[in-house]
Amino acid sequence: MFLTGTMLIGAGCKDYDDDIKSLNNRIDASNASVDELKALIEAGSVIKSVTTTADGLTFTLSNGESYTITNGVDGTNAVVWTIGSDGYWYKDGNKTEYKAIGVDGKDGQDGKDGQDGKPGADGQDGKDGKDGQDGKDGDTIYYVPNIETGCFDIWKNGEYSESTTISWKASGVSGIVNGNILTLTIPGTKADGSDAREVEILLGAQLGSVAFVPEVVSSEVPYATTTDEFLHIASYLTESKYNAATKEFLPQSWNKSNEVDLVYRMNPTNAYVEGAVLAFVNRDVTTRAIAGDESDLLNVVSGTFGETDGNIDIVATINPMALSTQNNIAALQVWAGQNPVTSDFIHVKSTAIDAVIVDSLETKKDLANPVLLYTRTKAISNDKAEDDTFVKQFVGKVGAKSYPANFEFAYNGSIDLKELVGLYSNDKDNFLYTLGFKGMSYEFSLPEEYLAEDNDKTNQQWFVQLNDGVVEVNKENLTGAYTQAIGRTPIVRVDAYLPSNGGTKQMVASSYIKLSIAATVAPDKDDNNVQIAADAEKLYRALTADMKDAVNTVAKMSYEDINNKLYGAEGLTSTNFWNAYNKTYNVLLTVTDVNGAQKTIFEAQGKADQLFDKTSDGINVMINLNSQSVTTSAVEIYTNNQVKTQHTYKNVDGKGAEYTLTISVNAKDNKANGNFILTQKFYVLEEHKAYPYNILYHFLKSTINGAYADFEGETQEDIVIVKGQVDPTSSTWKMSSVVSEHFAKTKNTQGTEVNIFGYYLEDGVDPDNVASITFDWAEQPVKDVTPTAPQKDTDFTIALDGELEVPYLIKDMTYTTTLVNGEDCPFTYSIVFVNPFVAGKASGVTILGNQIGEQTAATASQVRVNDKFNDAILSWSYSKLDLTNKAKNDYKVAMPTVSYAFDTTEQAYKDLVGNLSDGSTFKVDAQSGVVTWQNEGATLAQDYVVTVVATVTFENLSVVECRIPVTVSAKIGK
């Protein structure tokens, strides 16, 4: 049911920025390590594990480095609580009895064995196994650590139930991760523990939602469904359950299905999900309440979080015994912390199929006509039951023509039966491994008796020996050259096994293999490997929607090549060719997935004299292999703009997604003719083509580092600098920019120059196969900047939503082009908002500190604000601060607010104020900027120069700090 989770779980809700700012004051012995840990996480490192050591808690990061957090206490007093793959809390790696997440983690159980039937009557199948319930009346109980109490709280069905005295907090340092928040609990050093503290670090973006990526819509209910179907083996066989009269097996119910791939997408795509647990919940479509959800239908076999595309690739199995009689729906839950995010529901169902053992080599030649071995349908009830009489029910008499041998081998050689058998489904005309079943195994045994009808009842089994599926003549029983084994027909039993979804190994089929020992065995002829055409490389941006456009052609094999490379290669006419080869041929189209494994796009069969024409995932294959000498044969492969690229599959050798078409034409007799394997490789590359930036406004990081020092740590090379413009709505200057201005214009399909939002909107045709474009901030801002118009498909303006308090602000903007095949291509550039105003130079004011009585000085007259061109914006005019004509007419700003305060961090201010007597006065009026000085009679011994900071705020635009020197002079007399 679960994907393994390894991270700590806890709770926390403090403000991250405040914690980071106060780290130096809140951490003692652990200060350096916490700062390093925090800096590395902010730089992109990910915590992979947390363990207790002799020194405290050790954090291992994705860069391979480790950091230990202590508070001067013995590491044995530290503790780490983790969530295991079974959904329970683990204390320092040891499982506890406390459940950690609110979903049942058990796989569907196998049914109990049925009872033996009375003679002549079949026994009943066992009842379905049921999952155990948590708590009373099916309550889902789990334990949540309480940060304040240091103990676990009990939650039921997603709500707080009661507190406990079960402590999770150690006397030393403890750590908890709740989703994307890391909370470090560090004990105090004082006796009363009053200096204990907690530090919280934001590990990444919080997961907001999860959505299924649909390719198929159910025909039964209005839900998306899986692309590949769920299948299950309805029952297994056991030697102990059979009809007492007939010995026929009594099939036993169980849970065994194939593995099916499902893809979900996270929002945001860069959400922090390290150590998250994946599980499914399910219900039937008649159940509406969340309380009705179960967790027994789908199991997560594995789950992979994409590092760049935000996808969650799930491999799942289904528990067929949990299917209700109604239509079943299921949703994925991602537990990144103790609060799950649940996806939309999809329709799921499963079809029961059979399992038989076949001659795998012959069956592969023609999947529609499997070659079965001698199927065993009766149980071997005791050690002596598999005698000559028993086995002849299935393989017949020795040498009887109606029961031919399955395989032959030479008397002086051997045969490996493991290479020759396979599990197959008649219901699906295919092998179980192709259908997604995993874990099959085979056990071979040599029955003691298989007797000839001669006077001596010659036992065929005496002539051979078996070792791990390999049969050869018995060299202990035989002497000489072993030629006496020639002509013998021994038998071998093969039992096929599969593991249930819960991992219990059970037998699903059993057969006998009849062998023939020959004097010599002619080797099979080698396969004829034919390359249809040279490897093709297609650029996705050049493809069109019409499959038959010339640009979409991947490869063609003409009738000339087919005649020469197929018919002529074996010295046959086209007519004779199909007498020697199976007229049914196999067609397999695969692609290399992100893990480097082969993923099947489709597997089908074609027939000679019939056109094979199949389209899937933007690829069309047409095959015409005719048996008449006067007709045309050809192989044609096409693709279009629905095909997937390296954004979905592995980029092989930089060429893009690698597709392989294989056409297998199998000989009826491999000793006379070799099989033909026709292959075609082709690659589809998406160039990840960013829109060109407008050369008028495009900066490179390398060219502006001198002006913007913070760019030393930036990763984005492409930069647009925003100086602002007059907002037409408010008629005032605003730090805003129209996004389309950042990019160069291009010509649409009609030859008209348009901006990026016109690429795909003009007549719905985009020359670069882009269906839509979406803009968003790479990191969601709290207050800094927000888009002021829709972000998708239409032009919009970005703007500050408050005053710019720093000289410039750097924000990374991501725009994502969604291709017509559904793939996303994200690009990022930096936008720099530059404060339009700067502080002018102030001359400063002087107060005579040794004059008699109260002394004052006005600082407002020294307030100066200029723009970037050094033109005055705000200055002293006619005994007051006033806006200049440029401020009023060009920037159209309103009169700013001005507040005044001393710079209390300067040493001169600290020395002056710190030594004043209680009756002395030194202050600045916050509204007027007037500085007042008066002491209690002593003579000032030296000058003190302090600074008044005038903070000038232009509403929704700019904040400028003007620094005005104020000298408290010790001058005496003239």
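Rings of Phe, Tyr and Trp (its six-membered ring) count as a pair if their centres lie within 6.5 Å. With that in hand, here are some close-ups of this predicted model.

**View 1. Aromatic pairs turn up across the structure.** Searching the whole structure gives 39 aromatic pairs. One of them joins Phe602 and Phe612, a tilted pair with centres 6.5 Å apart and 35° between the planes. Phe602 belongs to strand 42 (residues 598–607) and Phe612 to strand 43 (residues 612–616), 10 residues apart. Both Phe602 and Phe612 are buried.

**View 2. Phe743 meets Tyr829 edge-to-face.** Here the ring centres are 5.6 Å apart and the planes stand at 85°, so Phe743 and Tyr829 make an edge-to-face pair. Phe743 comes from the loop between strand 52 (736–738) and strand 53 (746–747), while Tyr829 is in strand 59, 86 residues apart. Phe743 has 2% relative accessibility, so it counts as buried; Tyr829, at 0%, does too. Both rings are part of one aromatic cluster, which also includes Tyr691 and Phe775.

**View 3. Lysines sit over rings.** Lys614 lies over the face of Phe602, 5.4 Å from the ring centre. Over at Tyr88, the charged end of Lys95 sits above the ring, 4.5 Å from its centre.

View 4. Strand 58 (residues 808–819) and strand 59 (residues 824–834) run antiparallel, joined by 11 bridges. Zoom in and you'll find Lys811 opposite Ile831 of strand 59.

Key:
Residues are numbered from 1 along each chain as its sequence is written. This is a predicted model: local features need pLDDT of at least 70, side-chain atom pairs count only at pLDDT 80 or more; totals for chains, interfaces and linings use all residues. Side-chain values use heavy atoms; hydrogens and water are left out. Two strands pair if DSSP finds at least two bridges between them. Helices (H or I, at least four residues) and strands (E, at least two) are DSSP runs, numbered from the N terminus. Rings of Phe, Tyr and Trp (its six-membered ring) pair if their centres lie within 6.5 Å; planes under 30 degrees apart count as stacked, over 60 as edge-to-face and the rest as tilted. Buried means under 20% relative accessible area, exposed over 50%, partly exposed in between (1.4 Å probe, protein chains only). A charge sits over a ring if NZ of Lys or CZ of Arg is within 6 Å of the ring centre and within 35 degrees of the ring normal.
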